[in-house]
Amino acid sequence: MIQATALFTHALNMLFHAPATTLRVILPAVLWVMGATAVAGVLAGDALGAMDQVIDNAAPPPTDQLLILIACGLAGILGYALMAVLWHRHVLLDRDGSGAEVRPGARLFWAYVWRAIVLGFVQFLAAIPIGLAMLLLGGLAGSSPAALLLIGLAAGVAFLWLALRLSLVLPAAAMGRVMAVRESWRATEPLAGTLWALAVLLAVVNTLLGVIAGMLLPADPGLRLMLDSLLYLIEGLVFVSMLTTLYGHLIEGRELG
């Protein structure tokens, strides 16, 4: 647990010891994601409202607005990818603070996106047994809210552990290096036990952000989408910083200063 805390603290410290620098680095991606969210809120507000009321058998959302939501969603995902690339490169390449090495070219960015797609497919396949096991446990637990909550938390921790084991391919791709998924698995083997504790810490952060979202839930669907997107950015940035820390420590031999 001590090593997991050290890794977690190091990842957070990189983000928050100089907030202005962090914001400067990821600002293009933040504007990209929030811009796509704002467009969805303005042009597809009826669809967002209809999706909120789907359990009440409301009228289906307009098709044209659904297409806008899909397009904005894809744009937002690309924005998240840009945020990850910018942060990986800022930490791992920006030696003199000039930012010259941080800006990725289009070829590197799309190579990163492709690696992320491949990784997502691999994680999906690897997570199927976890999902089946959790469904089985859920059936055995019946309708007990406490048991279902614990099963959900356990599933979240297991998925995060799996992601931490496999996702070193992403900072490698941001550096212009092709790393196989099995290389990431082997590289993280020495910390396999530590990563369980780290997954718990990340799950706690995600849960706290979910609680905040629930407390600040605005009535307008567009504003709610903006808030959710902002919280997902924070959640994603913490995970990206964790991957950067692991890559620097395990692959480049950096100390957790």
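**Figure 1. Arg-254 is partly exposed, at 25% relative accessibility.** Buried denotes a relative accessible area under 20%, exposed one over 50%, and partly exposed anything in between (1.4 Å probe, protein chains only). The model shown is predicted: local features need pLDDT of at least 70 and side-chain atom pairs count only at pLDDT 80 or more, while totals for chains, interfaces and linings use all residues. Residues are numbered from 1 along each chain as its sequence is written, and side-chain values use heavy atoms, with hydrogens and water left out. The side chain of Arg-254 meets that of Glu-252 in a salt bridge with an N to O distance of 2.7 Å. A salt bridge here requires a side-chain nitrogen of Lys or Arg within 4 Å of a carboxyl oxygen of Asp or Glu. Glu-252 has a relative accessible area of 32% and is therefore partly exposed. Side chains of opposite charge can pair when their charged atoms come close.

**Figure 2. Salt bridge between Glu-189 and Arg-165.** The structure holds three salt bridges. In the one displayed here, the closest N and O atoms of Glu-189 and Arg-165 are 2.9 Å apart. Glu-189 belongs to the loop between α8 (181-187) and α9 (192-215), whereas Arg-165 belongs to helix α6 (residues 145-166), so the pair ties together parts that are 24 residues apart in sequence. Arg-165 is buried, its relative accessible area being 1%. Glu-189, at 44% relative accessibility, counts as partly exposed.

**Figure 3. Arg-115 in helix α5, with the salt bridge of Glu-183 and Arg-177.** Helix α5 spans residues 106-141. Helices (H or I, at least four residues) and strands (E, at least two) are DSSP runs, numbered from the N terminus. Arg-115 is buried and has no salt bridge. Glu-183 itself forms a salt bridge with Arg-177, at 3.2 Å from N to O. Glu-183 is partly exposed because its relative accessible area is 26%, and Arg-177 counts as partly exposed at 34%. Residues up to four places away in sequence being left out, Arg-115 touches Val-169, Leu-170, Ala-173, Val-178, Met-179, Ala-180 and Val-181. Contact means heavy atoms within 4.5 Å.

**Figure 4. Packing of helix α4 against helix α10.** Helix α4 (residues 63-93) and helix α10 (residues 221-251) pack at an angle of about 35°, and their axes lie 9 Å apart. Axes are lines fitted to C-alpha atoms, for helices over the stretch in contact, and angles run from 0 to 180 degrees between N-to-C directions. The crossing of α4 and α10 is right-handed; a crossing is left-handed if the near helix is turned anticlockwise from the far one by less than a right angle, and right-handed if clockwise. Residues of α4 in this contact include Tyr-80, Met-83, Trp-87 and His-88. Among those they meet in α10 are Ser-229, Tyr-232, Leu-237, Val-240 and Gly-248. The contact of α4 with α10 comprises twelve nonpolar, six polar and no charged residues. In this classification Ala, Val, Leu, Ile, Met, Phe, Trp, Tyr, Cys and Pro are nonpolar, Asp, Glu, Lys and Arg are charged, and the others, Gly among them, are polar.

**Figure 5. Surroundings of Thr-244 and Pro-171.** Thr-244 is part of helix α10 and counts as buried, at 1% relative accessibility. Apart from neighbours within four places in sequence, Thr-244 contacts Met-14, Trp-87, His-88, Val-91 and Leu-92. Pro-171 is located in helix α7 (residues 169-174) and is buried, with a relative accessible area of 0%. Although 73 residues separate Pro-171 from Thr-244 in sequence, their C-alpha atoms are 6.2 Å apart.

**Figure 6. Leu-137 and Ile-151, with the overall composition of the protein.** Leu-137 lies in helix α5 and, at 42% relative accessibility, counts as partly exposed. Leu-137 and Ile-151 are separated by 14 residues in sequence and by 7.3 Å from C-alpha to C-alpha. The protein has ten helices and zero strands. Of its 257 residues, 42% are buried. Among contacts between residues at least 6 apart in sequence, 75% join residues at least 24 apart.

Conventions. Lys, Arg positive; Asp, Glu negative; His and termini not counted.
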